[in-house]
Amino acid sequence: MGPTRVFPILHRVAALSSIRSTMALRHSLCKPTVKLCYASLCTLQQTRSVSTETALSHHISGLTDREKRLLTKLYDGLIGGQRAALAESITLVETQHPRKKELAQVLLQRVLAFRQEQEKRNGGNPVAFRVGLSGPPGAGKSSFIEVIGKMLTGRGHKVSVLAVDPSSCTTGGSLMGDKTRMTELSRDMSAYIRPSPTSGTLGGVTRTTNEAIVLCEGAGYDIVLVETVGVGQSEFAVADMVDMFVLLIPPAGGDELQGIKRGIIEMADLVVVTKSDGELVVPARRIQAEYTSALKLLRKKSKVWKPKVVRISSQTGQGVPELWDSMLHFRDAMLSSGELRVRRQTQQKVWLWNLIQENALRHFQQHPAVHAKLPELERRVTCGDISPGLAADLLLKVFSTVQ
């Protein structure tokens with residue numbers, strides 16, 4: 001891709017770089033009036049199938065026999081429900097090695113085709129239910145996941161947990177160790193827990209989490225829980241990859257309505273007040289009433305679902321079955337209205353632009369002319385000789401004019 005072709009993309013990237021821009025894109029793409037007629041949908045599916053085959057053949061043509069055997073082994077093991085194959089496949093999509101990234105895309109295309117066949121046999125409905133979980137530190141996310149995960153596996157479900165850990169800025173390793181705090185669920189053969197470090201990814205959600213969800217669904221997990229770091233922007237990122245976004249709130253965190261951003265509350269399909277037991281029952285009830293009143297003042301993002309505020313206790317298990325019933329009611333309502341399908345289509349577009357933004361920025365930084373000018377301009381900005389805006393304009397001009 002030449003500089004002149006990438007330059008317009010960078011302007012588009014700049015428009016999508018902030019949280020507000022991402023939310024605006026999501027709302028504009030997810031208008032209730034958007035409908036696809038059956039004929040148009042069939043045409044799109046046929047075109048997509050041809051394009052996928054062309055892109056896939058481009059990758060497969062360069063594969064060695066060893067790489068083909070590896071991909072076949074991973075694919076067969078994945079759809080066969082082998083946990084080791086799923087773990088190795090997720091490791092493959094998380095790699096930064098250029099060649100392995102190509103292999104990961106070939107594997108993903110095969111898994112996507114397999115999942116589409118499953119959805120056709122399921123009447124066009126998704127084969128898995130994706131739930132995003134977030135909240136401030138100390139909200140009890142890991143404890144809640146273990147309790148509801150054990151309940152779901154006991155009912156015959158297969159549950160996968162993608163726990164996104166913050167990363168150390170010095171070593172790059174995970175800090176929280178969520179898997180060590182889900183001891184019972186981690187030993188359950190019907191559950192799969194995958195901690196993933198953010199590796200400095202803005203928003204706390206790794207760029208490959210969306211692809212890991214696809215792999216988990218291909219491996220037969222019908223419930224996918226995505227736990228993310230409650231640090232602000234992560235809630236917006238996780239909301240763009242799940243069917244339902246659940247916000248967990250502790251009952252004794254001070255002035256909660258001041259401490260939680262309004263935008264995050266607007267994203268929540270369900271607000272859960274945790275630790276509602278013992279001496280915390282009274283404050284939990286008070287927080288439930290406050291959030292119930294606050295939600296009435298916010299704009300609805302669905303025509304068929306009204307966000308609720310519920311109380312649960314992970315220690316006693318009280319309220320957890322009723323919470324799951326509410327989540328199933330949400331899924332059924334969204335499926336019957338067609339909003340779930342539109343939401344997933346919108347999410348794919350948002351993630352497309354997220355990846356374009358990331359790759360375009362990397363392409364810009366690695367451009368030889370930009371790389372040559374950058375140290376001097378950084379020095380002048382640091383000294384106060386020129387403004388950061390002027391330096392950015394100069395770099396973009398160099399990027400767009402040098403062939």
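**Exercise 1. Is F330 buried or exposed?**

Solution. This is a predicted model, where local features need pLDDT of at least 70, side-chain atom pairs count only at pLDDT 80 or more, and totals for chains, interfaces and linings use all residues. Residues are numbered from 1 along each chain as its sequence is written, and side-chain values use heavy atoms, with hydrogens and water left out.

Step 1: recall that buried means under 20% relative accessible area, exposed over 50%, and partly exposed in between (1.4 Å probe, protein chains only). Step 2: F330 has 1% relative accessibility, so F330 is buried.

**Exercise 2. Find how many aromatic pairs there are, and describe the one formed by F129 and W324.**

Solution. Step 1: take the rule that rings of Phe, Tyr and Trp (its six-membered ring) pair if their centres lie within 6.5 Å; planes under 30 degrees apart count as stacked, over 60 as edge-to-face and the rest as tilted. Step 2: this rule gives four aromatic pairs. Step 3: one of them joins F129 and W324, with 6.3 Å centre to centre and 55° between the planes, which is tilted.

Step 2: Step 5: check the burial: F129 is buried at 1% relative accessible area, and W324 is buried at 2%.

**Exercise 3. Classify the pair formed by W305 and F330.**

Solution. Step 1: W305 and F330 are 5.3 Å apart centre to centre, with 80° between the planes, so the pair is edge-to-face. Step 2: W305 sits in the loop between helix 13 (281-295) and strand 7 (308-311), while F330 is in helix 14, so parts 25 residues apart in sequence are tied together. Step 3: W305 is buried too, with a relative accessible area of 5%.

**Exercise 4. Work out how strand 1 is enclosed, and which strands pair with strand 1.**

Solution. Step 1: six of the six residues of strand 1 are buried, so the rest of the structure largely encloses this strand. Step 2: look at both faces: F129, V131 and L133 are buried on one side, and R130, G132 and S134 on the other. Step 3: two strands pair if DSSP finds at least two bridges between them. Strand 1 pairs in the parallel sense with strand 4 (residues 223-227) over five bridges and with strand 5 (residues 244-249) over four bridges. Step 4: pick out partners: R130 has V224 as its bridge partner in strand 4, and G132 stands opposite F245 in strand 5.

Note on methods: Helix = DSSP H or I, 4+ residues; strand = E, 2+ residues; numbered from the N terminus.
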